[in-house]
Amino acid sequence: MTNALVVIDVQESFRVRPLWQAVSNPAVVERVGVLVDAARAAGDLVVWVLHAEPGSGGEFDPARGHVRVMAGLEPAPREPIITKTSHNAFTTTNLQQVLTERGIRDLTVCGIRTEQCVETTARVGSDLGYAVTFVTDATATFPIPHREAPPGQTVTELLADPRTLAAEDVVTRTEYALAGRFATVRTVAELTGSLTGS
């Protein structure tokens with residue numbers, strides 16, 4: 001076993017936010033599930049990463065009860081579950097130690113958000129010497145407000161603002177930024193020969 005599937009932040013914290021209605025990939029749980037099943041069948045390590053912001057009072061505060069893997073996915077016994085407090089899955093965790101102890105050299109990454117925690121993990125993983133595969137259609141993200149947008153925009157206001165960066169454009173930019181530099185960009189179908197939820 002030299003490959004690990006790293007599932008990043010596919011957690012209920014996102015689903016309880018109003019912005020979830022604008023998610024780029026409503027089938028993200030199903031597609032991550034296809035990758036998880038394929039990884040397990042191949043004998044690869046599956047690592048679950050959750051994001052926490054203790055004491056924040058928000059959806060990522062563990063005290064609120066949402067920092068858990070989304071319904072529809074279930075970590076198996078002995079699959080590591082790691083909690084991070086930074087954007088990438090390495091800096092504030094023992095992920096690199098977990099991977100090193102198991103002789104992992106190749107990472108397949110997926111999860112939420114495409115351009116934030118998943119992309120950042122891919123970049124850091126590449127810099128640490130891992131061969132990274134980024135599975136875009138097993139990631140999800142949201143429209144991004146313009147830097148001068150008023151704080152506290154509703155979802156309706158965000159989507160109506162012509163300066164908002166559409167989620168599709170976020171995904172495209174991420175692929176351009178990663179491909180040939182930090183990761184090999186692939187689809188669920190390319191990796192597993194199957195794709196559901198399309």
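**Salt bridges**

Author: The structure holds eight salt bridges. Please keep in mind that this is a predicted model.

Reader: Which residue does R17 pair with, and how far apart are the closest N and O atoms?

Author: R17 pairs with E59, and their closest N and O atoms are 3.7 Å apart.

Reader: What is the relative accessible area of R17, and what is that of E59?

Author: R17 has a relative accessible area of 30% and is partly exposed. E59 is also partly exposed, at 22%.

Reader: Turning to R113 and E115: are they buried or exposed?

Author: Both R113 and E115 are buried. Their side chains form a salt bridge with an N to O distance of 3.3 Å.

Reader: And what is the N to O distance for R163 and D161?

Author: The salt bridge between R163 and D161 has an N to O distance of 3.1 Å. R163 is partly exposed, with a relative accessible area of 37%, whereas D161 has 12% relative accessibility and counts as buried.

Reader: Why does D161 count as buried?

Author: Its 12% relative accessibility falls under the 20% cut-off for buried residues.

Reader: Finally, which residues are linked in a network of salt bridges?

Author: E119, R123 and R173 are linked in such a network.

Definitions and conventions:
Residues numbered from 1 in each chain as written. Predicted model: local features only at pLDDT ≥ 70, side-chain atom pairs only at ≥ 80, totals over all residues. Heavy atoms only, no water. Salt bridge = Lys/Arg side-chain N within 4 Å of Asp/Glu carboxyl O. Buried < 20%, exposed > 50% of the residue type's maximum accessible area, 1.4 Å probe, protein only.
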